[in-house]
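Subject: A structure for you to explore

Hello,

Here is the structure I promised to pass on to you. Please open it beside this email, and then read on for what turned up in it.

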Amino acid sequence: PYHTHAVTTDYRISRKVLGVGINGKVVECEHRGTGEKYALKVLRDVPKARREVDLHYMASGHVNIVRVVDVYENSYNNVQCLLVVMENMKGGELFNRIQERGQQAFTEREAAAIMYEICSAVAHLHRMAIAHRDLKPENLLYAECGKLGEARVLLSTFYTLPEGQANSVKYAYQRAYISREQGERGEARVLLSTLYKLSKGLPLSDKLACQRAVTKTDIARLKLTDFGFAKRTDESEPQGLNTACFTPYYCAPEVLGAEKYDKSCDLWSIGVIMYILLCGYPPFFSAHGQPMSPGMKAKIKSGQYTFPAPEWDCVSEAAKDLIMKLLKTDPSERYTIEQTMDHKWITHYQKVPDTPLFTSSILCDQREQWGEMQDEMEKTLASMRVGTDNM
Ligand SMILES: O=C(Nc1cc(-c2cc3c([nH]2)[C@]2(CCCNC2)CNC3=O)ccn1)c1cccc(C(F)(F)F)c1
């Protein structure tokens, strides 16, 4: 039930391009009533785009999925278009934020908190029998240079305080979380003002530690976007192979396993993103950014990767254990999202060691290799998608 009246009735469309997706361009727009800024994705109304919008619309509503606010079916210069209005993710892409960190080290515990958000989004999709199939760093965006994340870090600082003060902070945190309907901004404001007040009463060292935590750590809510390759993994949606000419009961079992195979692509992506979060370079490249050699391609196929020193010497065994279960070359051996969510590095992410990593400095040093890494990940994802149907 999408709107059929003109999107320009409700929104003023700006020229500011926020990015280009698989099926369309993303520009900034402003709601004429509230003045609130949103992101608008413009797609030609073809079956592939229809599927993208329907699946994104279905999945929207989860805290780690970019929210779909409105969808319009408009004809534009005699071309049928779909226009998706989304919440504006002003914090930009995941790795840009970690790169910008520079001097303040990114820690293993922060990586685990980020992985928890990504896995929560994928668990939500897989529970709805949706495989995303294009899970890559540039599709992971931050809601805003968040106060909520800072407050969360600040709060974890408080947790180490003597019982007395910490209780009132925890209560403030819970109250702010309960007042979720104020949305992230309100919640963060309540939380931060409470935390600042409480930090006034602290001994100078704790107060400085807390205020430093707030200024330095700008983590917000991380969300997944771009459902351009998403597909249903249950039989309900007619797949290429179930067309009239092909009766499913005679096809090979591994083909019918497309349901599990599609989902396993998302878990491979999670493994690659987790590896990059913990060291700053991808698993299938040489650690020091040499260009792709034929040998590299063989390595990707064979799934050969290592945990090179010195970056990986400081990373916990639990983290390496989870990566090994996610980067299994054989999809049937690879962890499912349920197994991943049950892994102690994810469930107990607050207890993961707060060890500083090499990530932000290596991301900065290897900045020029970043585009090449994105291309390589895109090619590998494309080859994995061919496995089922390349619709
Ligand atoms: O990207 C921003 N806002 C945004 C963007 C999207 C978005 C949707 C899609 C994409 N972005 C990409 C762009 C190219 C990379 N892949 C993702 C392609 N496919 C999509 O479906 C959704 C909601 N808000 C933004 C807004 C203000 C400031 C900033 C920045 F941080 F850059 F200052 C970013």
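Let's begin at Ser269, which touches Leu135, Met377 and Leu381 when residues up to four places away in sequence are left out. Please keep in mind that this is a predicted model. You will find Ser269 in helix H10, which runs over residues 258–279. Is Ser269 buried or exposed? Its relative accessibility is 0%, so Ser269 counts as buried. A polar atom of the Ser269 side chain also lies 3.1 Å from the backbone oxygen of Leu135.

In soluble globular proteins, nonpolar side chains tend to be buried together. Here the largest nonpolar core has 63 residues, and Leu94, Ile270, Leu277, Leu278 and Trp345 are those with the most contacts inside it. Which element gives the most to this core? The answer is H10, with twelve residues. Have a look at Trp345 too: leaving out residues up to four places away in sequence, its contacts include Met115, Met274, Leu278, Leu322 and Val352. Trp345 also touches Glu108 and Ser316. Another core, of 15 residues, lies apart from the largest one, and among its members are Tyr2, Leu43, Val53 and Ala143.

Leu94 also belongs to helix H3, where it is buried together with Phe95, Arg97, Ile98, Gln99 and Arg101. Why is H3 described as largely enclosed by the rest of the structure? Helix H3 covers residues 94–101, and six of its eight residues are buried, so the rest of the structure largely encloses it.

Now for the ligand. It is surrounded by 22 residues, and the closest are Lys41, Asn88, Met89, Glu138 and Asp226.

- The side chain of Lys41 has an N or O atom 2.8 Å from an oxygen atom of the ligand.
- The side chain of Asn88 has an N or O atom 3.0 Å from a nitrogen atom of the ligand.
- Glu138 uses its backbone instead: an N or O atom there lies 3.0 Å from a nitrogen atom of the ligand.

On its own, the ligand has 680 Å² of accessible area, and the protein covers 80% of that. Two or more residues of the shell come from each of strand E1 (11–20), strand E2 (24–31), strand E3 (37–44), strand E5 (79–87) and strand E6 (92–93). E1 gives the most, with four residues. What kinds of residue make up the shell? There are seven nonpolar, seven polar and eight charged residues in it.

Asp226, one of the closest residues to the ligand, has something else to show you. Its phi is near 65°, which is a positive value in a residue other than glycine. Asp226 is in the loop between strand E9 (222–224) and strand E10 (231–232). With a relative accessibility of 9%, Asp226 falls under the 20% cut-off, and it therefore counts as buried.

Ala129 is another residue to look at for its backbone: it is not a glycine, yet it has a positive phi of about 55°. Ala129 is placed in the loop between H4 and strand E7 (130–131). At 12% relative accessibility, Ala129 counts as buried.

There is also a cis peptide bond, which goes from Ala309 to Pro310 and has omega near -5°. Pro310 is in the loop between helix H11 (294–302) and helix H12 (317–326).

Next comes Tyr116, in helix H4 (residues 108–127). Its relative accessibility is 31%, so Tyr116 counts as partly exposed. Setting aside residues up to four places away in sequence, Tyr116 touches Met341, Ile346 and Tyr349. How far is the C-alpha atom of Tyr116 from that of Asn139? They are separated by 16 Å, and the two residues are 23 residues apart along the chain.

Finally, the overall picture. The protein has 16 helices and ten strands. It has 391 residues, of which 50% count as buried. Among contacts with a separation of 6 or more, 73% are between residues 24 or more positions apart. The protein exposes about 18,300 Å², with carbon and sulfur atoms supplying 57% of it.

Enjoy exploring it!

Best wishes

Methods
Residues are numbered from 1 along each chain as its sequence is written. This is a predicted model: local features need pLDDT of at least 70, side-chain atom pairs count only at pLDDT 80 or more; totals for chains, interfaces and linings use all residues. Side-chain values use heavy atoms; hydrogens and water are left out. A residue is near a molecule or strand if one of its heavy atoms lies within 4 Å of it. A polar contact is a pair of N or O atoms within 3.5 Å; within protein, one must be able to donate a hydrogen and the other to accept it, and residues adjacent in sequence count only if both atoms are side-chain atoms. Accessible areas come from the Shrake-Rupley method with a 1.4 Å probe; for residues, only the protein chains shown count as cover. Ala, Val, Leu, Ile, Met, Phe, Trp, Tyr, Cys and Pro count as nonpolar, Asp, Glu, Lys and Arg as charged, and the others, Gly among them, as polar. Buried means under 20% relative accessible area, exposed over 50%, partly exposed in between (1.4 Å probe, protein chains only). Contact means heavy atoms within 4.5 Å. A nonpolar core is a set of buried Ala, Val, Leu, Ile, Met, Phe, Trp, Tyr and Cys residues joined through side-chain atoms within 4.5 Å.
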